[in-house]
Each structure stands twice: as C-alpha cells, then as structure tokens.
Amino acid sequence: MKRVIVSVINDLVTDQRVNKSCLTLQTMGYEVLLVGRRQRKSPPMDERPYATKRMKLLFEKGPLFYAEFNTRLFFFLLFHKANLLLSNDLDTALPNYFISRLKGIRMIYDSHEYFTETPELVDRPRVQRVWKRIEGFVVPKLKEMITVCDSIAELFEQQYGVKCHVVRNIPARAALPPKGDPQALGLPVDKHLLVLQGSGINIQRGAEELVEAMQYLDDCFLMVIGGGDVLPTLKQMAHDLHIDDRIKFLPRMPYQQMMAYTQLAELGFVLDKDTNLNYRFCLPNKLFDFIQAGVPVVASNLVEVGKNIKKYHIGLFIPDHDSKSIAATIRQGLDDAGQRALWQQGLARAAEELCWENEQQTLIEIYKHYE
C-alpha cells in the first residue's frame, strides 16, 4: 500500500484542515501517518481511522522548541518509510524538504496562512528574516504547492513563481452534529447567544474589542470557544468590566462538540484587523463553520472574508474596531428580522456549495499528480 506521512507542528486535536487532508488521502488508497506534537495541556486525541504520532518535546515555545521539533521530525521522517510527504505550514517545511531530496520522495507543501506576515513575526523583524530565508530556500524549489485562498496564492506565485493550488478550509456537511441543548450546556435561554471561536484567538483579531462591546449588550451572552494568546487578557477584561455573567470561556474541544455550541448562536464573529498581509488575506475556517451551522457573520471587511459574505449575503461588516461600533453592529444584526431571514437563505445556499464534499475534489486532483 502507498504510504504518506503528514506532518504539522500543532497537537493534532483541533486541526480540521489536516484531518480532512488525511481522510481524503485515505480514500485514495494511502496508508496515512499523521505526525505532530503533544503539549502539557493538550486534550486527549480522539479516535482516528488513520495512525497518529504526537511527539513529546522538552520545549513548548521559542527558538529551542522550533529547533527541537524540526530535528525530531527530520529523524522521524528519516527512519520511517513513505511514498509521499505532506508538509503543513512553514514550520515543518525544512525537514520534509531535506528528506524528500535525500530519499527521492515526492513532497507536497500546504501553507495554511501567509506565515511570514503573521503579527507574531511582523513585530519581530529578526525572527521574521529567519523564516523568510527558510521560505525563500524551500518554496522556489517546489513545482507546485497548496494554500487556502486566491489572494495568498497570488502572493506566492508572484514572489516565487510556484504554481499554487487553492484548497479552502471548509468543513464537511456530514460532520455537523445535532444542535446542543442550551440548558444542558450551561447557557442562558433568555439572552441572544453570540460566538467567537478558534484555536488562534490571538492579538489583532478583534477579540478584546468584542469583549469590551459586551458591556453595552445586557441582553446578549458571548461564548468564547478555543485557545489563543489573548485569552488571559480577555478573562481579566471581563472581570474588570463586571461582565463575567455575559461571557463564557470554553476550552478547545473536538470539532463536533464545538459545533453543538456554535449552532445555538445568532451571530458569529470574524474580526481580524487589517494590520498585516496574513490577516488582510485570511480566510479562516470559522467563517465556513458559521456557514455550515447557519449562523450569520459579523466581520471586518477584509479581502477574502468580505468576498464570501458579499457573494452569499450572509452577514454584515463592522465600520471600525471601536467597541461601541461593534456593539451597534451586533444590535443591528439582532434587531432586523427581515435581514436575518435573507441571511438564512444565503447561508443555506452557501452551505450547499461551500462544503468539503465539493472542495476535496480539487485536492484529489492534486494528489493524483503525485501517484
């Protein structure tokens, strides 16, 4: 049987894009081995129909973490047989590239974002230069690659001359669980439920301003589901503003469990700021999660996000990131019943078209080139 080793730097639990890629490869007859890491606070792995390996590392962040992970991954790939390597994001690219050349194995590179322009790197130019050198070393040597949206694909093609396929991070319709019971989930039944979710609730993504906006919305309740570096700040803000009773912070959880909460919301949020190229051209999977859950979207008018909201008429845009403006936009979305009915029509059409069952056909055609 053909064997593929799929590598990613996270702890595998909530990475739906990688999981979907593995499942698609499996349907094509590959024996799949997914490799990542296990953190001290990682949730337990759910059962998968393919093999997984989570490496336990001494370091969990910083340069030593990246050096340890890449070294461990290199030797793991060196001593395990494979016919194909799938590298997810720039932080797994070097060991995959070296092993592909050393062993004569084909490699696919899937960039989930414009990594070198994330805010964590833009504000640290010396570290950014290191990653740009890695990108500049690996990507031009590839005949083709995969990424998440048209805008990022154009950036890679212009900068490196590489053919770039677009596979959006869209959930499968079949993955949608039953809607949760608000009372059983500890949620109020007499308030408008709102949701912010994701594994990257980080700086410059509008989360702080959204929490501030909740002080003006006494009939609303915000669910914050997932992980990220601003969560401690958000919890402290909620306490300082005396709105702890309007916000519930929920940890990262398996996809189906998360979506049971998401489907209860009346509005979902994609509030990334246009402060760097990565966010400007982002197309986060939570947008498509909201679509599948039938939840209208309140968003920043960014290039790719805005394109989809306008095409399907599934939400509205904030004018700016002032907390009062966000609150006013939320109020507008909740109070206009006629508009909400139109959004539901658009969401139903979008859910039919924007699902993994359709999107994976592009991925299958790409993988066929490597057989």
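Leaving aside its neighbours within four places in sequence, which residues is Tyr-114 in contact with? To find out in this predicted model, select Tyr-114, which sits in the loop that runs between β5 (106-111) and α4 (119-122). Once those sequence neighbours are set aside, the contacts of Tyr-114 are Ile-152, Leu-155, Phe-156, Gln-159, Leu-277 and Asn-278. Tyr-114 counts as buried because its relative accessibility is 4%, and the cut-off for buried is under 20%.

Next, select helix α11, residues 285-293, which is mostly covered, with eight of its nine residues buried. Those buried residues are Lys-286, Leu-287, Phe-288, Asp-289, Phe-290, Ile-291, Gln-292 and Ala-293. Show the surroundings of the helix as well, and you can follow how the buried residues of α11 pack against β8 (192-198), α9 (255-262), β11 (267-270), β12 (297-299), α12 (303-312) and α14 (337-353). Just after α11 comes Gly-294, whose phi is positive, at about 75°.

Lys-286 is one of the residues that line the largest cavity, together with Leu-196, Gln-197, Gly-200, Ile-201, Arg-205 and Ala-207. This cavity has a volume of about 40 Å³, and the count of cavities of 30 Å³ or more comes to one.

Methods: Residues numbered from 1 in each chain as written. Predicted model: local features only at pLDDT ≥ 70, side-chain atom pairs only at ≥ 80, totals over all residues. Heavy atoms only, no water. Helix = DSSP H or I, 4+ residues; strand = E, 2+ residues; numbered from the N terminus. Buried < 20%, exposed > 50% of the residue type's maximum accessible area, 1.4 Å probe, protein only. Contact = heavy atoms within 4.5 Å. 1 Å grid on protein atoms, 1.4 Å probe; cavity = no way out; pocket = protein on both sides within 12 Å on 5 of 7 lines; lining within 4 Å. Points joined across faces, edges and corners; volume = space filled by probe spheres on them.
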